[in-house]
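Take a look at the model first, and then we can go through both.

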Amino acid sequence: MTLSRKIKVSKNDSEVRYANWVKMIIDLISPKNLVFIGGRGTAKSTDIIAERSIKICYDMPRAPFAFVADTYINLMTNIIPAILLGWERKKWFEYKSDSHGHYVVDKAPPDHWPLPYIKTFNYKHTISTMLGNKFFLVSLDRASISAGISVVHHFIDECKFTREDRVSKLFPTLRGDAMLYGNSPYFMGQTFCTDMPNPNDGEHDWILRLEKNMNKEQIIKIIQAALIVNEINIELVNARNNEKKTEKQISNIEKNLERWTNRLRKIRQGSTFFYVVSSFVNADILTINYFKNLFETLDFEDFKSSVLSIKATLEKGSRFYANLKPRHFYYDGYDYNYYDQFGLLDNITQTSRGLKYINHSQPLDVGFDAGNMMSLVIGQEQGKNYRVLKGIYTLTPEWIRELANKFLDFFAPQKNKTINLYFDRAANQYRKANQDLANKLKNAIEIDEKGKNTGWIVLLMSVGQANITHSEEFDFMNELMSGRNKNLPDLLIDAHECKELKSSLEIAPVTKDSRGNIKKVKTSEKLAAHRLPSESTNFSDAFKYLLCRKKYLNIAKQKRILHKISDVKIRG
């Protein structure tokens, strides 16, 4: 039996689509739970999730579903647009008043469409289909939005960015009515898609453990039964186009199809299909030049994980920021009172207005690291807490002007337009000639590219400050992050708006030189440009300049002096 058998149909009876062999296998198996790890360019959102969600809508009309991601912003700006693009490629179009269509966004469906089985009062940030389905948007940074909802299938994209403990809290939302949907093999199922997670970059690899849930014998039986159903479908299509076939013959084929379809539905119940595939599965579409370009531009370790889907080996060794803990990151940093004004199809503007914890009436502190990657880390001291609110960067050929523009655009809502700029001594070494990078950044922020005054005032806070040694940073950061020094603030970092900084801090290694001095290993700063934001120590250096300020360093140093005095007294 084969999927390539010739079917005698006219052009009006068929629709031609391209599908790679993995997509065909997924469609053939159609499991309850799909766990798919695919390399770059395998069209996980636009092809696999898009078509699978359509198929599940037809199988469970009027049922509620959920699209899930790490943040609501990621859902609105990246995942949902990709899925809707995929729907259009599958000939599912948005319904408009003057045309036919298959779904509506952010509004009630037309009166002639069936309604969901669950009562629906609010259509904001939802998608409704002509089959009566309703898709909710659920994010792991906004737990309250999933409270009380009941769905029968989850679609979870970009799983490598989601924490396992937060995903597990979604399981109670899978509580649909078995009397209505229990006959569907997709009932209470989940669809997971991602590319290969790399723990070295702070990504989450819990999805790899789901392989144990797959019953290989069950999957083989599903494929065998599905191929038989496929053969019967081919036989039925050819019979209907054959004038010599009687109605009784066609009826017998239809009954045989019904028997095998029921058998297939039963064997699909409770199934999990776990599969890992490289980008080469889509080589016919991507072409060899795509892979050649990636091979020449990516580090081989990155190529192995992101293209070949080979599991990364977790690097071992001492971390420079040894006391950095999960408690230093917060995941609820978005103010959704702001973002809820946008519809799913709107051009969403991301600004500081969408940050929950920023104080727009207080100055901003900015740490600046210069180089072929320009990095800004923006924070505020807020009572006992020091919050790191945002990370901004540019890569060559972008430079100071582009970096300043990104800052000005994002922080346009800020009322207090004072910046305390902390930077490396090297960035200020030509201060008298007004050619240093710190002054260039100051000027680019205070005066826009059209020569107009922006209203911002940049104070250069590091003028005259001594060089911060690796040992000094190491001692201070571990003192700060320990939480033991009550005179230092409690560190809190926005895990979503500072995700590159988070990764940079988590993987920065430490070593000792021949004299036993502590050193931060900086070899990562020679990586290819696109890898610098998450994999290099650049962002951690901007973080260093932000926090290793005279005020905090003196507090930490004073404590060390007191400890030494106490030790002398005890010994005496």
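Which element gives the most to the lining of the largest pocket? That is α15, with five residues. The model is predicted, so to speak of local features takes pLDDT of at least 70 and side-chain atom pairs take 80 or more, while totals for chains, interfaces and linings use all residues. Residues are numbered from 1 along each chain as its sequence is written, and side-chain values use heavy atoms, without hydrogens and water.

**The largest pocket**
- Its volume is about 1400 Å³ (the space filled by probe spheres set on grid points joined across faces, edges and corners).
- A pocket here is an open set of points on a 1 Å grid over the protein atoms alone, where a 1.4 Å probe fits, with protein on both sides within 12 Å along at least five of seven lines; lining residues have an atom within 4 Å of a point.
- Of the 48 lining residues, Phe 161, His 496, Lys 499, Glu 500 and Ser 534 lie nearest the centre of the pocket.

**Helices α12 and α13**
- Helix α12 (residues 400–410) packs against helix α13 (residues 437–446) at about 45 degrees, with the axes 9 Å apart; helices are DSSP runs of H or I with at least four residues, numbered from the N terminus.
- Axes are lines fitted to C-alpha atoms over the stretch in contact, and angles run from 0 to 180 degrees between N-to-C directions.
- Residues of α12 that meet α13 include Phe 407 and Leu 408 (contact means heavy atoms within 4.5 Å).

Technical notes: Helices (H or I, at least four residues) and strands (E, at least two) are DSSP runs, numbered from the N terminus.
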